[in-house]
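Please read the following briefing alongside the sequence and the coordinates.

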Amino acid sequence: MTSTTIATANAEAGRVRLRINRTHLAAIVLLVPAVVLFGVFVVLPILQALRFSFYDWNGYGSPSKFVGIENYIKVVSQRHFGTALRNTTFIALVSLLVQLPLALWLALSLYRNTWFTAFLRTVFFLPYMLAEIAAGLMWNFMYDGNYGLAHSLADAIGVEPKFVLADPAWVMPAIAVVLVWKYFGFHMMIYIAALQGIPNDMVEAARLDGAKPWQIVRHIKIPLIRSALAVTAFFAITGSLQLFDLIVPLTNGGPNNASLTIVGFLYQFGVTRMRIGFGSAVSIVLFAICVVVSIIYQRAARIVEK
Amino acid sequence: MKSMTRALCVLAMTAHGAFAGTVEIDMVHIQSNPGELKLMDEMAAAYEASHPDVKIKVRKFGEDYKTMLSTALQSEDAPDVIYSWGGGVLSDQVNAGLLRDIGGVLADDSKSAVGPAGIDAFTRDGKLYGIAQNVSEVVFWYNKDLFAKAGVDVASMMTWDGLLAGVKKIKDAGITPISLGAKDKWTAAFYWDYLALRLAGKGGLEVARTGANDGFLAPAFVKAGEEFLKLAELEPFQKGFEAAGYASSSGVFGDGNAAMILMGDWNYQESKTNSTSGQSVPDDKLGFFAFPSLQDEKGNPTDTLGGINGWVFSKNASDEAVKFMAWYQDAANLAKFAKGGYYIPINVKAADSLENPFQRQIAKDIGASTYHAIFFDQSLGVNAGNAVNDVSSSLASKAISAVDAAGDVEDAMAGDR
């Protein structure tokens, strides 16, 4: 009796186990490559950086001088770190409040297909296709008051050229111009794709009901491309946090570190000085900022969806 | 089992030896002059022709040379022969056990050819790690026409106060006194380097490196910042210098838009390359003078700032690699590079082949130098060296106090001691 029960129970358990295995086998097989790749190329480097950030290490050999949280204290007390935080915040705000509205406005004007809008769309999208370094060099030349466009322009009007990239007060606005110029086309394209997905009869119906163009935009189009807006906002924020390669040819973080971003700070004070521990500490701080931002973003996105 | 493995190993080794036959020499550098690159390839080909068992790979690493090198040197496939500026970077590489001591392989006449300064630059703890190749010196290049227009006599520039007065005079004449490319911070560092070298002297620098007597916060280094600020107060640099790189600043000087530039001997060529005309200041209008001397200086007015560059060898480099480099560096071969004017060889015999009068004079000056200090961003190591660069560009635009500048350097140095 007892042995039969146990046997049945075992058989039962075996079946259950088997069932779990079968249903999950496909999932496991499909997941393994992704998990391995993610682990090796994302999780592992983050953990490595976390470990390095507790060492004083110049990149040679293996880290051996454990210094606790000293690197973090140095990061926070470095006088240029505040500048970097401020600049990155500024870039994020410009991206969200200037770049995205501009892109939306252009998308609303250009999303219908005619040869002329197609032409303009291509023109607006061109800057995005340029390599960051090339775009930076180009604008560095445009802003140059000795030889560049700024010089010719000032000459034509008959005033002294202004060296915006050499002026701590003007350098960030000047970079923001380049940034908006470089990326608005990308966001515009996303909006256009979303706008073209709106069923025409919906807009038609609204118009028949007497909705004015602005009302159609406000109550039909924008709500319907909500997810595109959310995606571009996300791109704009993450792009701002990572901004680096455009600035190197423009100012290299100057004048006097006035245009450092967080990544620029990491590069100037961590990588070029071969202070891997310090640089890792900066990257962990950046990572923490990214995590916080993405949590806020998720919350905000959920509220908007509702 | 063990003996079997051992036998296999021996077999594998002999097989390797038999098949290998040729020795590969992997040589990495950051040279960019097309004429020099061509000559380097020709040299490698010539050596291969006379040594059929040797294969030489000459490779250029990009702009981030130092960062790339630290990774490459630690890989299994480390290059054998590496272009080096010596200094603190070399010390780091030696301390990490990445380089090979070549003292035993290099012949005595190769050692004597580079002179004591050449040996010194590549020696750490009594062991020789590299072969010095070329020297450079930072001087004040000036435009004779612009000096004449402003009524400034170059002889008055021998003292720092004279230089400050001259700068004022040139500025009053409506001419930009000095061209500077502070976006590349190292260009501004030459001022701080030289002022510190003059004021603290060789002894003072050596003491500061150890951290004794307040290290780089010692009065001489604070004073270096103060004197730099005195110059900056005169607003001697071209408009927008904060955003200009070295290339742009050498162009400004080459185009005759600034009277002076404090730069290495290489600026002779670079000012041509970067000037609108491609000609720079004509030779008869171009001159140079040594960095001026200061009151109460502990250094010698004949102390010079510059570089001693050469080639070092990674720990797995073969004897053949050292022999090849010794051949590459013999006077007859170096003379070809000197003739092309690509650099000033440290080898005095080869330097005789320099054809450019400016380079000949600079070679002579370095020969007569009482102490040839290496660029601080090399000699102090990357961390403190970059701190010097950083504060110097800030001093040039009066964005930092002399005490904070010295403090930043000391902080960075303290982390490396």
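How many positive and how many negative side chains does chain B have, and how far apart do the centres of the two sets lie? Chain B has 37 positive and 53 negative side chains, with the two centres 2 Å apart; Lys and Arg count as positive and Asp and Glu as negative, leaving out His and the chain ends, and each charge is placed at NZ of Lys, CZ of Arg, CG of Asp or CD of Glu. The model is predicted, so local features need pLDDT of at least 70 and side-chain atom pairs pLDDT 80 or more, whereas totals for chains, interfaces and linings use all residues. Residues are numbered from 1 along each chain as its sequence is written, and side-chain values use heavy atoms, without hydrogens and water.

**Overall form**
- Along its principal axes, the C-alpha trace of chain B spans about 85 × 45 × 35 Å.

**Burial**
- Of the 417 residues in chain B, 55% are buried, meaning under 20% relative accessible area with a 1.4 Å probe, protein chains only.

**Strand β8 of chain B**
- This strand (residues 286-289) is covered on both faces, with B:L286 and B:F288 buried on one side and B:G287 and B:F289 buried on the other; strands are DSSP E runs of at least two residues.
- Strand β6 (residues 130-143) of chain B pairs with β8(B) in the antiparallel sense over four bridges, where pairing requires at least two DSSP bridges.
- Within β8(B), B:G287 is the bridge partner of B:Y142.

Conventions. Chains lettered and ligands numbered in written order. Buried < 20%, exposed > 50% of the residue type's maximum accessible area, 1.4 Å probe, protein only.
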